[in-house]
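Work through the exercises below with the structure at hand, trying each task before reading the solution that follows it.

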Amino acid sequence: MSRNIDLVNGSISKGLLKLALPIMGTSFLQTAYNITDMFWIGQVGTKEVAAVGTAGFFTWFAMAFIIISKIGAEVKVSQNLGRKDISSVKHYISTSIQINLILSTTYALFIFIFRKQLIGFFKLGDTGVINMAESYLMIICAGLIFYFINPVFTAIFNGAGDSSTPLKINTLGLIFNIIFDPIMIFGIGPFKAMGVEGAALATVLAQILVSVCFIYRIVRGKEEYFKFNIFEKLNKDYANSIIRLGIPVAFQEGLFTIFAMLIARIIAKWGAEPIGVQKIGSQIEAISWMTAGGLSTALSAFVGQNYGAGKKDRIIKGYIYTMAMAVGVGIFATLVLMLLGGDIFKMFVPHDPESIKIGADYLRILSYSQLFMCIEITTKGAFNGLGRTMFPSLISIIFTGLRVPAADILSNNTPLGLNGIWWSISMSSVFKGVILTAIFLIIIKKGKILNWETKTKQGNI
C-alpha cells in the first residue's frame, strides 16, 4: 500500500496538513539534534559551547552543497510525479544522489586539509576553545557523507508525497542521539568522558543509523520510482537541470553562512561567551524557523505536483492555507521568546548569570522578527515548487548581507552595544518577509504562474 498522499486531487487543506505535519515533525527532530548537543555541552561550560558553535559553522556551510541536490530532488520528483513521468523521476533520484556523494567527498577532504586555518579564521584567542573546535570538526568530518545524504533522502520522500517515512527514520536517529549524547560527553558505564568529542561522535553515529534506515526502506520499497540504478553513468542533462534549480539556493545558503561567520567575528570582540550565547540562542530560535521550513517543504511538494498537473487554482489555495499556518507559528514564537526567553535560555547555561542575561536580550530582540521570518520561509517554498528559486535567493542574499555592516555600525557606534548585532539580524528578517511575500502576491495577481508553467514545460526533460 502506497504511503504517498494525493496532492493533486481532493481536499487541499487535508492533503497539505497530512503532508506538512510529518515534515514539521522531521524539522523539529533536526533542530532537536542540535539542541540536544547544546543542552548537554552547556552543562559542561560556555567555552565548550563556543567550540561546538565555531566548528558548527562548517557543518552549517555544508548545507550550501547539500541544498543543490536536495532542492533538485524535491522539486523534480514532485513535478514529474504530477506529470506521471516515472522514468524521469527515477533518473532525477539517482542523479541527485550521485551529485550529493561527489560534493560530500570533496567537502570532507577540504575540511580535513584546512581545518586549522578554518578555525583560525575566527581569531578566538583561547587555545582550549580552538583545540576543542578542531577536534569536534574532525570527528564530524569523518561522518560528513551521512550528514550530506540524509536531507536528500528526506527530500525524495517528501517530493513524492510521503512525509511519514522521513519522520519515523529521523525519530530513531534522535532517540539514539538523546541516549548517547550524555553517555559520551560525561562518560557513563564503560564509556569514558569525551566532552565535545563525545557530542560529535554521538551525532555521527546517529546520522549513520538514519542513512542505513533510509537505504533499507528504498531497497525494500515497492514503488516503481525506487527501482533506479545509482551506478549508472551521470546524466549531464538531468544533472544540469538539478544544478540550475539548486545553485541559487545553494549560493544563498553559502553566503548566509559566510555572513554569519563575519558577524561571529564581530561578536568575538565581546568575548567567547557571546559566541556561545548566539549559538544557543539560534538553536532555540530554530524551533520556529524549522517549523516554518516544514511548512515550506510541504508547500513546495504540493505546488510542484500541482504545477506539473497544471492546476493553478490549487496552487493559490494551497499557498493561502499554508500561509495561515505560518502566521500562527510566527505569532506563537514571538510571544514565547518575548515572554519566556530568559527562562528558556537558563536551562542551557544554568550557572552563568552573564550569559543568561545576554541570551535573554538576544531572544527578546529576535522575537520581533519571528512572524516575518515564518512568512518569508513559507513563501520561499511556493517559489521552489514552481521551480523559480532565484527570487527568494536574491532577496535573502541582499538583506542578509546587509546584516554585516549594520551589526558593525550598531554595535560600535551606538549605545546599543552588543544588542546592536541582534537588532541587525532581527530587522533584516522583517524586510525579507515583507518584500518576498509582496512579490509573490503580485505574481499571483498578474497571473504569472501560467506563464512560468508554459516555460517550464518547454524546458523540462
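For sorting residues by class, Ala, Val, Leu, Ile, Met, Phe, Trp, Tyr, Cys and Pro count as nonpolar, Asp, Glu, Lys and Arg as charged, and the others, Gly among them, as polar. Keep in mind throughout that this is a predicted model.

**Exercise 1**

Find what lines the second largest cavity, and sort its lining by class.

*Solution.* Next, list its lining, which consists of F58, T59, Y107, I111, L137, I140, C141 and L144. Then place these residues on the helices: α2 (46-82), α3 (86-113) and α5 (127-142) each supply at least two residues of the lining, and the largest share, 3 residues, comes from α5. Finally, apply the classes, which give 7 nonpolar residues, 1 polar residue and no charged residues.

**Exercise 2**

Determine how α5 is oriented relative to helix α8, and which residues meet between them.

*Solution.* Start from the geometry: α5 and α8 (residues 196-220) pack at an angle of about 15°, with their axes 9 Å apart. Angles under 35 degrees count as roughly parallel, and α5 and α8 are therefore roughly parallel to each other. The crossing in which α5 passes α8 is right-handed. On the α5 side, the residues in contact are M132, S135, Y136, I139 and I140, and they meet V196, E197, A199, A200, L201, T203 and V204 in α8. Sorted by class, this contact has 9 nonpolar, 2 polar and 1 charged residues.

**Exercise 3**

Describe how α11 packs against α13, and then how α11 packs against α12.

*Solution.* Take α13 (residues 370-385) to begin with: its axis and that of α11 (residues 312-346) come within 7 Å and cross at roughly 155°. Angles over 145 degrees count as roughly antiparallel, and α11 and α13 are therefore roughly antiparallel to each other. The contact brings Y319, T322, M323, A326, V327, V329, G330, I331, A333, T334 and L337 of α11 together with Q370, L371, C374, I375, T378, T379 and A382 of α13. By class, 12 of the contact residues are nonpolar, 6 are polar and none is charged.

Now turn to α12 (residues 353-367), which packs with α11 at an angle of about 165°, the axes being 8 Å apart. By the cut-off already used, α11 and α12 are therefore roughly antiparallel to each other, and α11 passes α12 in a right-handed crossing. Here T334, L337, M338, G341, G342, F345 and K346 in α11 meet S355, I356, G359, A360, L363, R364 and S367 in α12. The classes in this contact are 6 nonpolar, 6 polar and 2 charged.

Definitions and conventions. Residues are numbered from 1 along each chain as its sequence is written. This is a predicted model: local features need pLDDT of at least 70, side-chain atom pairs count only at pLDDT 80 or more; totals for chains, interfaces and linings use all residues. Side-chain values use heavy atoms; hydrogens and water are left out. On a 1 Å grid over the protein atoms alone, a cavity is a set of points where a 1.4 Å probe fits but cannot get out, and a pocket is an open set with protein on both sides within 12 Å along at least five of seven lines; lining residues have an atom within 4 Å of a point. Helices (H or I, at least four residues) and strands (E, at least two) are DSSP runs, numbered from the N terminus. Axes are lines fitted to C-alpha atoms, for helices over the stretch in contact, and angles run from 0 to 180 degrees between N-to-C directions. Angles under 35 degrees count as roughly parallel, over 145 as roughly antiparallel, 65 to 115 as roughly perpendicular and the rest as oblique. Contact means heavy atoms within 4.5 Å. A crossing is left-handed if the near helix is turned anticlockwise from the far one by less than a right angle, and right-handed if clockwise.
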